[in-house]
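Please walk through this structure with me, from its charged pairs to its sheets and cores.

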Amino acid sequence: MKFDPWRMKLSWECEENTTYLECVMIHKENGPINIIPQEKECHCEFSDYSLHDGVTLMVKVNSTQRPIPETLVYANSGGNGTAAQNFSCFIYNANFMNCSWAKGRAAPDDVQYFLYIRDSRKRRERECPYYIEDSGTHVGCHLEDLSGLTSYNYFLVNGTSQRTGIQFFDSVLSWKKIEIYSPPNNISVLCNKSHCLIRWEKPKTRYSLSNMEFKYQLDIQRKVSGLCPKQDIIEVPGNLENNYNFPSPEPRPKHTVKIRTSDARIQKWGAWSQPIEFGSEETAPSLVPIYALVVLGTLITVLTLGCLLKRFLASQTLFPPIPRIKDKWTDSHRPDHQVIWENFTLDTEKGDNEEILTVQEVTVAPASMGTA
């Protein structure tokens with residue numbers, strides 16, 4: 001028994017008077033895969049499956065009236081951890097593809113990797129035409145010609161080294177799962193007094209798809225000078241005839257809209273389109289009148305306070321306050337700091353003795369009268 005992994009073909013030497021009943025590939029992820037060989041043919045050709053984890057192959061032979069299985073184990077030879085890792089590819093702009101991978105964790109310094117691609121019909125195969133390198137090691141591939149690729153394609157990354165054997169990595173990828181869609185074509189905006197109709201055409205893809213297989217996101221932003229833009233993200237399914245009616249009554253401020261595309265079943269968004277503007281300029285209110293009002297209000301307040309203060313000082317000068325008379329009865333609890341009442345209290349001993357003075361008028365005769 002022999003197995004060609006590139007062709008996925010199991011063959012054996014035919015013997016006379018032998019009936020071959022079935023070919024079986026035991027896959028670690030997909031389980032047993034059975035094929036009935038054609039009559040008088042001594043081979044089986046399987047569909048594409050990844051083989052880097054190893055597979056077991058069997059041919060059931062009917063001999064002497066009982067089935068006898070013949071077994072072949074196909075292993076990935078080479079040092080563990082030397083194969084390329086983190087392998088991925090994506091198609092963009094419908095006609096270009098990039099693939100990338102990383103150096104195996106146990107790969108030697110002199111390892112070199114090579115990428116090979118084959119279509120699922122096994123009719124066309126090619127090596128990567130443009131490698132992407134990191135320190136001299138191939139870690140990626142760029143393809144500008146995708147002709148001949150089918151819905152499913154087989155990718156093989158093998159390697160070489162002077163020090164040790166390098167394991168291979170392989171994968172079967174669907175173009176539908178790895179294609180990133182371009183932005184929609186011919187985006188236009190037509191407005192009336194109350195709404196704006198946004199229309200677009202489905203993007204160019206690797207293979208023709210119906211509208212129902214797409215979905216779109218619209219990023220609509222209202223532009224306001226000096227302020228943060230207001231943003232709306234709207235998701236639109238592809239079966240709505242590729243248009244969206246955006247409520248926007250007049251007067252209408254300036255808006256921008258951009259659109260991106262994804263597969264309706266596999267949410268993997270592509271790049272945004274260039275923004276399309278609609279509406280008119282909207283300027284933010286000027287701050288000059290507000291500043292003028294603030295300055296005027298401040299000036300009026302200062303003048304008013306100045307007038308009130310001036311009148312108060314003038315009234316204090318023209319009409320000084322009249323000192324109050326001490327009220328012993330009501331102000332006894334609050335002593336007057338200017339006049340102390342006790343200073344005018346009479347001595348108790350002098351207060352009880354009164355002196356009475358008698359004034360007597362005495363008449364004296366003039367001297368001239370006595371001599372006469």
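A salt bridge here is a side-chain nitrogen of Lys or Arg within 4 Å of a carboxyl oxygen of Asp or Glu. By that rule, Lys 176 forms a salt bridge with Asp 263, and their closest N and O atoms are 2.9 Å apart. The model is a predicted one.

This pair links distant parts of the chain. Lys 176 lies in helix α1 (residues 175-178), while Asp 263 lies in strand β22 (residues 255-263). The two are 87 residues apart. Both Lys 176 and Asp 263 are buried.

Asp 219 forms a salt bridge with Lys 258, with the closest N and O atoms 3.9 Å apart. Here too the pair links distant parts of the chain: Asp 219 is in strand β19, Lys 258 is in strand β22, and 39 residues separate them. Asp 219 has a relative accessible area of 5% and is therefore buried, since buried means under 20%. Lys 258, at 24%, is partly exposed. Shared partners also build a network of salt bridges, which joins Lys 176, Glu 213, Asp 263 and Arg 265.

How many salt bridges does a search of the whole structure find? It finds 11. One of them joins the side chains of Asp 109 and Lys 103, at 3.6 Å from N to O. Asp 109 is exposed, with a relative accessible area of 60%. Lys 103 is partly exposed, at 31%.

Now turn to the sheets. Strands of a sheet pair through backbone hydrogen bonds, either parallel or antiparallel. Ile 117 stands opposite Phe 155 in β14.

Another open sheet has three strands, ordered β17-β18-β21 and paired antiparallel. Its edge strands are β17 (185-191) and β21 (243-247), each of which pairs on one side only. The twist averages 15 degrees from one strand to the next. Five bridges pair β17 with strand β18 (residues 195-201) in the antiparallel sense. Val 189 has Ile 198 in β18 as its bridge partner.

Strands β3 (residues 19-27) and β4 (residues 31-35) also pair antiparallel, over five bridges. They form a hairpin with three residues between them. The bridge partner of Val 24 is Asn 34 in β4.

Which residues touch the most other members of the largest nonpolar core? Among its 39 residues, they are Phe 87, Met 97, Cys 99, Trp 101, Leu 115, Phe 155 and Leu 218. Strand β19 (residues 214-222) gives the most to this core, with four residues. Apart from this core lies another, of 21 residues, including Met 8, Ile 33, Cys 42 and Cys 44.

Leu 115 deserves a look of its own. Leaving out residues up to four places away in sequence, Leu 115 touches Phe 87, Cys 99, Trp 101 and Phe 155, among others. Its contacts also include Arg 126, Glu 127, Cys 128 and Tyr 131.

How values were computed. Residues numbered from 1 in each chain as written. Predicted model: local features only at pLDDT ≥ 70, side-chain atom pairs only at ≥ 80, totals over all residues. Heavy atoms only, no water. Pairing = 2+ DSSP bridges. Axes fitted to C-alpha atoms, helices over the stretch in contact; angles between N-to-C directions. Core = buried A, V, L, I, M, F, W, Y, C linked by side-chain atoms within 4.5 Å. Buried < 20%, exposed > 50% of the residue type's maximum accessible area, 1.4 Å probe, protein only. Contact = heavy atoms within 4.5 Å.
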